[in-house]
Amino acid sequence: MTRVLVSFTGVGKSSLVHLLCQNQVLGNPSWTVGCSVDVRVHDYKEGTPEEKTYYIELWDVGGSVGSASSVKSTRAVFYNSVNGIILVHDLTNKKSSQNLYRWSLEALNRDLVPTGVLVTNGDYDREQFADNQIPLLVIGTKLDQIHENKRHEVLTRTAFLAEDFNAEEINLDCTNPRYLAAGSSNAVKLSRFFDKVMASIKLFLNLIYIPGFPDRKRFGGGTLKSLHYD
């Protein structure tokens, strides 16, 4: 099973994971304690002769960047064997986007080398991520809560995140599935990210291939199973 880590707390991760895996809005989101795991079915290289279908686990890890060292040590257990990282931030909260740098360093086992991480204006040492081989994706949530007159300003401010992490960026409202509608630019970016995840490991991992997986509408109907570790 391929694992993708979804990081940073209090930004709507649970709602995002539910939307990504079930294509449905999460009616009653709650704080994540420990790690919550859901499963997405992804068509690798869809529409090509190489197309195959895989299960991808999305690990929603709880806890904040400023947590005590004991909590951070516990979180570190979930960072092992991670094949991709989705960095999630709240578009209405400037601090959450700044904290992505510290969280990514922690997840990439580089938390002991904080030099250069100046996150007040995006000025930090990109060399810390230069040799990173784990695919990254940046997702901004709560787009619906930003007034249209302010959106350009906010999205311009957060645009540097994708460049800094050498990743694509998606901004959305987790209460509206249309932001990830099939064929949309966001859906294409998401598929491209998961393709990168699969491409980075398919040569040496024993992946779960589902031959002849029926019906391209894989969401709902009990197709996917959610596991919760509290």
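A salt bridge is taken here as a side-chain nitrogen of Lys or Arg within 4 Å of a carboxyl oxygen of Asp or Glu. The model is predicted, and the count by this rule comes to five salt bridges.

**View 1. Salt bridge between lysine 45 and glutamate 50.** The N to O distance between the two side chains is 3.3 Å, so the pair falls within the 4 Å limit. Glutamate 50 is partly exposed, at 44% relative accessible area. Lysine 45 is also partly exposed, with a value of 28%.

**View 2. Salt bridge between aspartate 90 and lysine 142.** The closest N and O atoms lie 3.3 Å apart. This pair links distant parts of the chain, 52 residues apart: aspartate 90 belongs to strand β4 (residues 84-90), and lysine 142 to the loop between β5 (136-141) and α5 (148-158). Aspartate 90 counts as buried because its relative accessibility of 5% is under 20%. Lysine 142, at 23%, counts as partly exposed.

**View 3. Salt bridge between glutamate 168 and arginine 192.** Here the closest N and O atoms are 2.5 Å apart. Glutamate 168 sits in strand β6 (residues 168-171) and arginine 192 in helix α7 (residues 185-201), a link between distant parts of the chain, 24 residues apart. Arginine 192 is partly exposed at 39% relative accessible area, and glutamate 168 is partly exposed at 23%.

**View 4. Polar contact between aspartate 60 and serine 14.** The contact joins the two side chains at 2.9 Å. Aspartate 60 lies in strand β3 (residues 52-61). Its relative accessible area is 2%, so aspartate 60 is buried.

Technical notes
Residues numbered from 1 in each chain as written. Predicted model: local features only at pLDDT ≥ 70, side-chain atom pairs only at ≥ 80, totals over all residues. Heavy atoms only, no water. Helix = DSSP H or I, 4+ residues; strand = E, 2+ residues; numbered from the N terminus. Buried < 20%, exposed > 50% of the residue type's maximum accessible area, 1.4 Å probe, protein only. Polar contact = N/O pair within 3.5 Å; in protein donor to acceptor, adjacent residues only side chain to side chain.
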